[in-house]
Amino acid sequence: MLKTSDKALLALAQQVGALLKQNGLMLATGESCTGGWIGQIVTAVPGSSDWFDRGFISYSNLAKQQMLLVTPMILTRFGAVSEQTARAMAHGAIKMSAAQVAVAVTGIAGPEGGTATKPVGTVCFAWSIINQENQSASSRTCLFNGDREAIRRQAVATALQGLLELLKDIEPRCA
C-alpha cells in the first residue's frame, strides 16, 4: 500500500504519462540523489511501458560520465551538484536512449555532504526535450528542508512537476 505522499507522486506520474502518451513521446530519467525513485514511481503507473523507455541511476561521477556522457570538465568546473551537470545528464539520457524527453536530478540529500555554498538539501534539476531535430533544456536549483527521505521525496515531486510544465507546452499531435 502506498503512503499518502506516494499517492500524490503517483498522481503526478499518471499525469506525466498521459501527456507523454498523448504526444507519442518516450521518457528517460537520469537520477543521482533520488536513486531511481522517479523511475520507480513512473513504472508504478499501469501501461508505463508505452511512454517510459529507461532510467539511469548515476550516483558516482564515473557513472555520470560512462552512462550519461557528462564530461569530466563539467564535473570539475561546476561539480556534480550543479545545473550544468543536471543539463548534461538530461542530454545524455536522451542520447543514450530511445526517449525524446528526459529529466535529470543531482543533489545532496544528506545528512552529510553539504558545504557552505551547497548545503544539504541542494538539488539541481534539468528537463530536456527534442523538438523537430532541436534539443532544448531548462534547469533549476532548489533548496529543500527535512531529512534525507523528505529531501528525496520533494526532489521526485519537483522532477515530475517540471515534466508536466515542459509537456504542457507541446502542441498535441494528430493521430
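1. Ground rules. This is a predicted model in which local features need pLDDT of at least 70 and side-chain atom pairs count only at pLDDT 80 or more, while totals for chains, interfaces and linings use all residues. Residues are numbered from 1 along each chain as its sequence is written, and side-chain values use heavy atoms, with hydrogens and water left out.

2. Overall fold. The protein chain holds 6 helices and 5 strands, where helices (H or I, at least four residues) and strands (E, at least two) are DSSP runs numbered from the N terminus. Along the sequence they come in the pattern α-β-α-β-α-α-α-β-β-β-α. The radius of gyration is 15 Å, close to the 16 Å that the globule rule gives for 175 residues, so the protein chain is as compact as a globular protein of that length. That radius is taken over C-alpha atoms, and the globule rule is 2.2 Å times the number of residues to the power 0.38.

3. Inside and contacts. Of the 175 residues in the protein chain, 49% are buried; buried means under 20% relative accessible area, exposed over 50%, and partly exposed in between (1.4 Å probe, protein chains only). Among contacts (heavy atoms within 4.5 Å) with a separation of 6 or more, 66% join residues 24 or more positions apart.

4. The largest pocket. Its volume is about 240 Å³. Of its 15 lining residues, S32, Y59, V81, G107 and I108 are the closest to the centre. A pocket here is an open set of points on a 1 Å grid over the protein atoms alone, where a 1.4 Å probe fits, with protein on both sides within 12 Å along at least five of seven lines; lining residues have an atom within 4 Å of a point. The volume is the space filled by probe spheres set on the points, which are joined across faces, edges and corners. Helix 3 (61-68) and strand 3 (101-107) each give at least two residues to the lining.

5. S48. Look for S48 in the loop between helix 2 (37-43) and strand 2 (52-57). S48 counts as buried because its relative accessibility is 9%. Leaving aside residues up to four places away in sequence, S48 touches V42 and T43.

6. Two backbone details. The peptide bond from G110 to P111 is cis, with omega near 10°, and P111 sits in the loop between strand 3 and strand 4 (122-131). L69, in the loop between helix 3 and helix 4 (72-78), has a positive phi of about 65° although it is not a glycine. With 39% relative accessibility, L69 counts as partly exposed.
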